[in-house]
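Some notes on this entry follow, one topic to a point. Please read them alongside the coordinates.

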Amino acid sequence: MKTDIEIAQEARMLHIKEVAAKLDIKEDELELYGKYKAKLSDELMERIQNQENGKLVLVTAINPTPAGEGKTTTSVGLGQAFGKLNVKAVLALREPSLGPCFGIKGGAAGGGYAQVVPMEDLNLHFTGDFHAITSANNLLAAMLDNHIQQGNPLGIDPRQVIWKRCLDMNDRVLRNVVVGLGNKMDGMVREDHFVITVASEIMAVLCLADDMADLKKRLGRIIVAYSFDGKPVTADDLQATGAMAALLKDALKPNLIQTLEHTPAIVHGGPFANIAHGCNSVRATKTALKLADIVVTEAGFGADLGAEKFLDIKCRMAGLKPDCAVLVATVRALKYNGGVSKDGLSSPNLEAVKKGIVNLEKHIENLQKYDVPVVVTLNSFVTDTKEEVAYIEQFCKEKNCEFALSKVWEKGGEGGIALAKKVLETLETKESRYHALYEDSLSLKEKIETIAREIYGADGVTYTAAANKELKKIEELGMGDFPVCMAKTQYSLSDDAKKLGRPTDFKIQVREVYACAGSGFVVVITGAIMTMPGLPKVPAANNINVNDKGAITGLF
């Protein structure tokens with residue numbers, strides 16, 4: 001089989017104007033970025049705002065192996081399958097980060113014959129959204145340090161600066177740095193930190209904003225530091241809001257591209273799900289719902305992270321209601337959760353599948369807590385055996401959820417028809433009674449403990465002294481009604497990546513807490529999770545190159 005990039009580079013793409021026409025988008029409602037990419041104009045969103053919404057299908061997954069389980073591939077293949085069935089569908093996906101692209105996981109454009117294209121553009125610079133977010137973030141950091149240098153009229157305590165610089169790259173040496181070294185004119189010497197761009201609050205703000213007015217309100221509320229007398233200092237206080245909004249003006253507009261089979265795909269925003277809220281932008285999702293009968297969207301990593309945040313943060317804030325959830329599983333991930341090493345995942349092992357299926361069981365139970373109909377799909381690999389697949393299908397039926405085999409990596413939309421039909425049947429026969437897991441009125445600790453017990457299966461939660469202090473301060477500042485955004489490993493239901501399957505007898509350790517006043521949630525960092533990842537011993541970047549004709553190779 002050809003590599004993903006070889007398949008993508010051989011694809012015959014339609015001009016983006018032809019793809020837009022499938023959604024009844026006029027040519028002058030596009031802002032073109034070459035032949036195959038475009039941003040959707042504000043005029044389009046104004047024109048369609050009173051149109052009826054389509055159905056919203058969320059694609060999520062069980063806890064993955066380090067290589068991922070094909071959630072985006074399944075999303076893309078499902079969208080293509082709807083096209084084969086003459087259903088007017090659109091994808092609403094996240095933009096990939098350069099970090100995992102050059103790290104261990106590779107790109108995030110799908111795979112095989114279920115990809116969004118142009119694949120290289122999407123995985124690299126795309127339309128510049130992430131660069132704009134990085135620039136806005138670091139402009140705020142520069143204005144903050146300049147304010148301190150130029151007399152500090154706001155009385156900012158340099159020991160209580162909480163705003164971090166960012167970079168869209170896995171660069172562990174930037175986690176903890178010292179800035180201002182040199183002479184007096186080089187600024188005040190202080191400890192500083194970097195996060196990866198997809199974990200920046202600017203990313204979350206952009207993805208949750210309804211429009212420019214809402215974006216500016218959210219940017220202005222961002223807390224960057226505390227003064228010597230303990231008062232929060234915001235971006236508005238630094239008079240940075242307008243300049244940041246100017247940098248983000250075009251980034252706020254959703255991007256339109258296509259799949260290998262020319263299904264329209266709105267790809268916009270990309271917060272990580274293990275350290276941020278893991279969903280594409282509200283603007284993209286709401287626009288998609290006005291343009292198609294079915295919108296296929298996804299939430300990052302396992303359902304304990306991405307789906308929980310989609311359902312408890314994004315849907316709560318944006319007034320969205322998912323009509324169906326598709327839960328992606330793989331035989332190899334079940335073996336992995338059953339204790340098989342990465343090297344042995346391709347070998348038949350029904351006993352390991354039976355042992356690891358408790359992970360799938362927990363994710364089914366979790367999604368059912370939100371009263372959203374669930375369809376389990378098994379992303380097919382050539383190493384799967386009939387016995388393993390039959391066992392999983394029977395297990396799903398016993399858990400009162402639908403099941404469909406997906407072969408979209410190998411066959412594109414054709415390989416997703418069984419799944420698409422099962423989703424259509426579910427949409428027609430089962431009603432979503434979606435509700436959030438917890439009420440706004442609960443205390444922050446009650447919210448954290450509800451997620452830990454109900455979603456992770458923990459016995460309880462422990463807090464560091466610093467976390468306890470910060471929770472108290474956040475509630476005193478009037479942000480106790482915010483939802484919580486849990487930063488946790490994606491490999492386990494617990495906060496320990498080594499505890500696979502369905503762990504029991506464990507507690508979640510909350511190490512750090514901070515308020516994102518602009519995005520409107522409280523980030524809760526658990527276990528050993530890092531907001532700036534590092535590269536592996538052999539990064540994917542080692543194998544990426546450009547040949548003499550300018551074609552990129554090694555990107556997957």
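This is a predicted model: local features need pLDDT of at least 70, side-chain atom pairs count only at pLDDT 80 or more; totals for chains, interfaces and linings use all residues.

1. The bend at a residue is taken here as the angle between axes fitted to the seven residues ending there and the seven starting there; helices (H or I, at least four residues) and strands (E, at least two) are DSSP runs, numbered from the N terminus.

2. Residues are numbered from 1 along each chain as its sequence is written, and side-chain values use heavy atoms, with hydrogens and water left out.

3. Helix α12 covers residues 303-318, and its end C-alpha atoms are only 19 Å apart. A straight helix of these 16 residues would reach 22 Å at 1.5 Å a residue (the expected span is 1.5 Å times one less than the number of residues). After α12 comes G319, with a positive phi near 70 degrees.

4. Because 14 of its 16 residues are buried, α12 is largely enclosed by the rest of the structure (buried: under 20% relative accessible area, 1.4 Å probe, protein chains only).

5. S519 sits in the loop between β22 (507-516) and β23 (521-526). S519 is buried, at a relative accessible area of 0%. Leaving aside neighbours within four places in sequence, the contacts of S519 (heavy atoms within 4.5 Å) are E201, A204, V205, L208, R218 and M317.

Key:
Buried means under 20% relative accessible area, exposed over 50%, partly exposed in between (1.4 Å probe, protein chains only).
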